[in-house]
Amino acid sequence: MREHSELGVCALLLALGVLVLTDALTMDVDLTQRGPVGPRTVPLFVGGALLVVAVLLAVDVLRGGHGEAEGGEDIDLAEPADWRTVLLLTGVFLATAVLIDPLGFPIAGALLFWGAAFALGSRRLDRDPLIAAVLALVTFVVFDRLLGVPLPGGPLMGVL
């Protein structure tokens, strides 16, 4: 069965396709939301595409096809994992999840961007917080104001 291990990916794609199609078909759609392209159109297309890809991949695997080993990464597998970086990034993401409601997205996002840069090795304390603040503000404005995706503003809500 080891030579057909890619069938697990086929099963996963098949299950995901069935889940997406089931959700799309059981979606409660109002008559005012329907039109040539309603809210079900994209999920139905994606779910159908997942099913087609799962079947085509299964046929290929059963005919002897297999995935190629990845050769693009230049890594030394003998080196241990950098758990410090992983734990720092995990802490930054968890802190953002906790702080986004009380502080709002601009402040929590700035802490997220700065913390991620710090965890990944940047030590420019004069530049990184400024870049993080600008990135967070631009992201807030684009999503909250331009795209209409509501993000918590926190204490800066009156200022922004």
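Visitor: Let's start with Asp-126: buried or exposed?
Guide: Asp-126 counts as exposed because its relative accessibility is 59%. The cut-offs are under 20% relative accessible area for buried, over 50% for exposed and partly exposed in between, using a 1.4 Å probe and protein chains only.

Visitor: Before I go on, what sort of model is this?
Guide: This is a predicted model, where local features need pLDDT of at least 70, side-chain atom pairs count only at pLDDT 80 or more, and totals for chains, interfaces and linings use all residues. Residues are numbered from 1 along each chain as its sequence is written, and side-chain values use heavy atoms, with hydrogens and water left out.

Visitor: OK. Which residue forms a salt bridge with Asp-126?
Guide: Arg-124 does, and the closest N and O atoms are 3.3 Å apart. A salt bridge here means a side-chain nitrogen of Lys or Arg within 4 Å of a carboxyl oxygen of Asp or Glu. Arg-124 counts as partly exposed, because its relative accessibility is 39%.

Visitor: How many salt bridges are there by that rule?
Guide: The count comes to three salt bridges. Arg-127 forms one with Asp-128, with the closest N and O atoms 3.7 Å apart. Asp-144 and Arg-145 form another, and there the closest N and O atoms are 2.4 Å apart.

Visitor: Stay with Asp-128. Where does it lie?
Guide: Asp-128 lies in helix H5. Helices are DSSP runs (H or I, at least four residues), as are strands (E, at least two), and they are numbered from the N terminus. Asp-128 counts as buried because its relative accessibility is 8%, whereas Arg-127 is partly exposed at 35%.

Visitor: What else do the side-chain atoms of Asp-128 contact?
Guide: A polar contact of 2.4 Å joins the side chains of Asp-128 and Ser-122. That term means a pair of N or O atoms within 3.5 Å; within protein, one must be able to donate a hydrogen and the other to accept it, and residues adjacent in sequence count only if both atoms are side-chain atoms.

Visitor: And Asp-144, why does that count as buried?
Guide: Because its relative accessibility is 14%. Asp-144 is also in helix H5.

Visitor: New topic: which residues make the nonpolar surface patch?
Guide: Leu-130, Val-134, Val-138, Val-141, Val-142, Phe-143, Leu-146, Leu-147 and Val-149 make a patch of about 800 Å². Patches take residues with over 30% relative accessible area and no salt bridge; like charges are joined within 9 Å, and nonpolar side chains (Val, Leu, Ile, Met, Phe, Trp, Tyr) within 5 Å. The areas come from the Shrake-Rupley method with a 1.4 Å probe, and for residues only the protein chains shown count as cover.

Visitor: Pick one of those. Where does Val-142 lie?
Guide: Val-142 lies in helix H5, residues 128–146. It counts as partly exposed, because its relative accessibility is 31%.

Visitor: What about Pro-150? Where does that lie?
Guide: Pro-150 lies in the segment after H5, and it counts as exposed at 70% relative accessibility. Pro-150 and Phe-140 are ten residues apart in sequence and 9.0 Å apart in space, C-alpha to C-alpha.

Visitor: Last one: what lies over the face of Phe-118?
Guide: Arg-123 does, at 3.9 Å from the ring centre. The rule for a charge over a ring is NZ of Lys or CZ of Arg within 6 Å of the ring centre and within 35 degrees of the ring normal.
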